[in-house]
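Subject: Structure handover

Dear colleague,

Please find the structure below, with the sequence alongside. My notes on what was found follow directly after.

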Amino acid sequence: MTRWVAICDGLRRYFNRALPLLLLYRNERPQYAKLSRTVENFDPCMWYGLEHLLRLLVKVEYLISAADGVTEGEVRGLVGRISEIARWIGDNIDDIRRGKYRDPHIDERTEKDAERVRKKGSVAKEANKGD
């Protein structure tokens, strides 16, 4: 169990460091910049979820093998453990998606997404006026 805790802690650190550099799409970067400036004790793991974690998992072998002082055997061992995590996610994806995720507040969304949500909300209000 201690080994899993260390692996998950390492993944969390990799995730937080790699997120702004490698895991965000261009349109997601302004949101990250705003959050990192405005949220006290900003922890990317608390704001970015499974989609971004999966982006890391597909790159993790390259990232680990590029690190100084990591042997080929250590890389294989870590990649094997991370593959187990990816399989677990795949096997449990329905339960994970049913989790209690909150919809992002309008201020947390990209401008384009916020505009889409505003339009969708105004269309819904118009449709409900006759009720």
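In this predicted model, helix α1 meets helix α6 through R3, W4, I7 and L11 on the α1 side and through L78, R81, I82, E84 and I85 on the α6 side. By class, the residues of this contact are 6 nonpolar and 3 charged, with no polar ones. The two helices pack at an angle of about 85 degrees, and their axes are 11 Å apart. Angles from 65 to 115 degrees count as roughly perpendicular, so α1 and α6 fall into that class.

Helix α1 also packs against α4. The axes of these two helices come within 10 Å and cross at roughly 90 degrees, and α1 and α4 are therefore roughly perpendicular to each other as well. From α1 the contact draws on L11, Y14, F15, A18, L19 and L23; from α4 it takes H52, L53, R55, L56 and L57. This contact has 9 nonpolar residues, 1 polar and 1 charged. L11 is listed in the contact with α4 and also in the one with α6.

Helix α4 spans residues 50-57, and its buried residues are H52, R55, L56 and L57. Those buried residues pack against α1 (2-23), α5 (60-65) and α6 (72-91).

Two of them, H52 and R55, are also touched by E28, a residue found in the loop between α1 and α2. Is E28 buried or exposed? Its relative accessibility is 13%, and since buried means under 20%, E28 counts as buried. Leaving aside residues up to four places away in sequence, E28 touches L23, Y48, H52 and R55.

Two further residues may be worth a look in the viewer. N41 lies in the loop between α2 and α3 (44-47). Its phi is near 55 degrees, a positive value in a residue other than glycine. N41 has a relative accessible area of 71%, and because exposed means over 50%, N41 is classed as exposed. S83, by contrast, lies in helix α6 and is partly exposed, at a relative accessible area of 30%. The C-alpha atoms of S83 and V58 are separated by 9.4 Å, with the two residues 25 apart along the chain.

As for the chain overall, it has 8 helices and 0 strands, so the pattern along the sequence reads α-α-α-α-α-α-α-α. Of its 131 residues, 24% are buried. The accessible surface comes to about 10,000 Å², and carbon and sulfur atoms contribute 53% of that. Among contacts with a separation of 6 or more, 63% join residues 24 or more positions apart.

Finally, confidence. The mean pLDDT of the chain is 82, and 82% of the residues reach 70 or more. Where pLDDT is low, the predicted coordinates should not be read in detail.

Regards

Technical notes. Residues numbered from 1 in each chain as written. Predicted model: local features only at pLDDT ≥ 70, side-chain atom pairs only at ≥ 80, totals over all residues. Heavy atoms only, no water. Helix = DSSP H or I, 4+ residues; strand = E, 2+ residues; numbered from the N terminus. Buried < 20%, exposed > 50% of the residue type's maximum accessible area, 1.4 Å probe, protein only. Contact = heavy atoms within 4.5 Å. Areas by Shrake-Rupley, 256 points an atom, 1.4 Å probe, with all protein chains shown as cover. pLDDT = per-residue confidence, 0-100. Axes fitted to C-alpha atoms, helices over the stretch in contact; angles between N-to-C directions. Parallel < 35°, antiparallel > 145°, perpendicular 65-115°, else oblique. Nonpolar A, V, L, I, M, F, W, Y, C, P; charged D, E, K, R; others polar.
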